[in-house]
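Work through the following exercises with the sequence and the structure side by side. Each task is followed by a solution that goes step by step.

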Amino acid sequence: AWQSFEATITRAAGSLHIRVENPEGLASGDARITVDDAEWPGDGIPFPSGGETREVRCLLTRRIALAS
């Protein structure tokens, strides 16, 4: 199973450096996303507009079963 991969997407206005980590070698699960070390609450990560690079980290974790 894979452990991690990285990619950088660059546009004229800035870049996203994306690291996806899968420390348990999961085939599926939940994703915990941070942008510049802050929890990301929703969908879509906008590109920076001032030439900077945003650091995006996605950590795959085991899905938590909800009690019924």
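**Exercise 1.** Decide whether Ala38 is buried, partly exposed or exposed, and find the element in which Ala38 lies.

*Solution.* Keep in mind throughout that this is a predicted model. The relative accessible area of Ala38 is 38%. Buried would need a value under 20% and exposed a value over 50%, so Ala38 counts as partly exposed. As for its place, Ala38 belongs to strand 4, which covers residues 38-39. A further step looks across the chain: Ala38 and Glu55 are 17 residues apart along the chain, and their C-alpha atoms are separated by 9.9 Å.

**Exercise 2.** Describe where Thr34 lies, and state how far Thr34 is from Glu55 in sequence and in space.

*Solution.* Begin with the element, which for Thr34 is strand 3, a strand that runs over residues 30-35. Next take the accessibility: because the value for Thr34 is 10%, and buried means under 20%, Thr34 counts as buried. Finally compare the two distances, for Thr34 and Glu55 are 21 residues apart in sequence, while from C-alpha to C-alpha they are 8.1 Å apart in space.

**Exercise 3.** Examine the backbone angle phi of Asp36 and of Asp37, and say where these residues are placed.

*Solution.* The background is that most residues other than glycine have a negative phi. Against this, Asp36 has a positive phi, near 50°, and Asp37 also has a positive value, about 65°, although it is not a glycine. Asp36 is located in the loop between strand 3 and strand 4, and the place of Asp37 is likewise in the loop between strand 3 and strand 4. Their accessibility can then be read in turn: Asp36, at 41%, is partly exposed, whereas Asp37, at 78%, counts as exposed.

**Exercise 4.** Which residues form a negative surface patch?

*Solution.* The patch is made up of Asp36, Asp37, Glu52 and Glu55. To see how two of these members meet one condition, recall that residues in a patch need over 30% relative accessible area.

**Exercise 5.** How many salt bridges does a search of the whole structure find, and which residues are joined into one network by shared partners?

*Solution.* The search finds 6 salt bridges. One of them brings together the side chains of Arg19 and Glu21, with a distance of 3.1 Å from N to O. Here Arg19 is partly exposed at 27%, while Glu21 is buried at 17%.

A separate pair to check is Glu39 with Arg32, whose closest N and O atoms are 2.9 Å apart. Glu39 is partly exposed at 47%, and Arg32 is partly exposed at 41%. The network asked for consists of Glu6, Arg19, Glu21 and Arg57, joined by salt bridges that share partners.

**Exercise 6.** Find the place of Glu24 and its distance from Gln3.

*Solution.* Glu24 is found in the loop between strand 2 (14-21) and strand 3. With a relative accessibility of 44%, Glu24 counts as partly exposed. Along the sequence, Glu24 and Gln3 are 21 residues apart, yet in space the C-alpha atoms are 7.4 Å apart.

**Exercise 7.** Classify the aromatic pair of Trp2 and Phe5 as stacked, tilted or edge-to-face.

*Solution.* A pair of aromatic rings is described by the distance of the centres and the angle of the planes. Rings pair if their centres lie within 6.5 Å, and by this rule the count comes to 1 aromatic pair. Trp2 and Phe5 form an aromatic pair with 5.6 Å from centre to centre and 50° between the planes. Stacked would need an angle under 30 degrees and edge-to-face one over 60, so this pair is tilted. On accessibility, Trp2 counts as partly exposed at 37%, and Phe5 is partly exposed at 43%.

Key:
Residues numbered from 1 in each chain as written. Predicted model: local features only at pLDDT ≥ 70, side-chain atom pairs only at ≥ 80, totals over all residues. Heavy atoms only, no water. Phe/Tyr/Trp six-rings, centres within 6.5 Å; stacked < 30°, edge-to-face > 60°. Buried < 20%, exposed > 50% of the residue type's maximum accessible area, 1.4 Å probe, protein only. Patch = residues over 30% accessible without salt bridge, like charges linked within 9 Å, V, L, I, M, F, W, Y side chains within 5 Å. Areas by Shrake-Rupley, 256 points an atom, 1.4 Å probe, with all protein chains shown as cover. Salt bridge = Lys/Arg side-chain N within 4 Å of Asp/Glu carboxyl O. Lys, Arg positive; Asp, Glu negative; His and termini not counted. Charge placed at Lys NZ, Arg CZ, Asp CG, Glu CD. Helix = DSSP H or I, 4+ residues; strand = E, 2+ residues; numbered from the N terminus.
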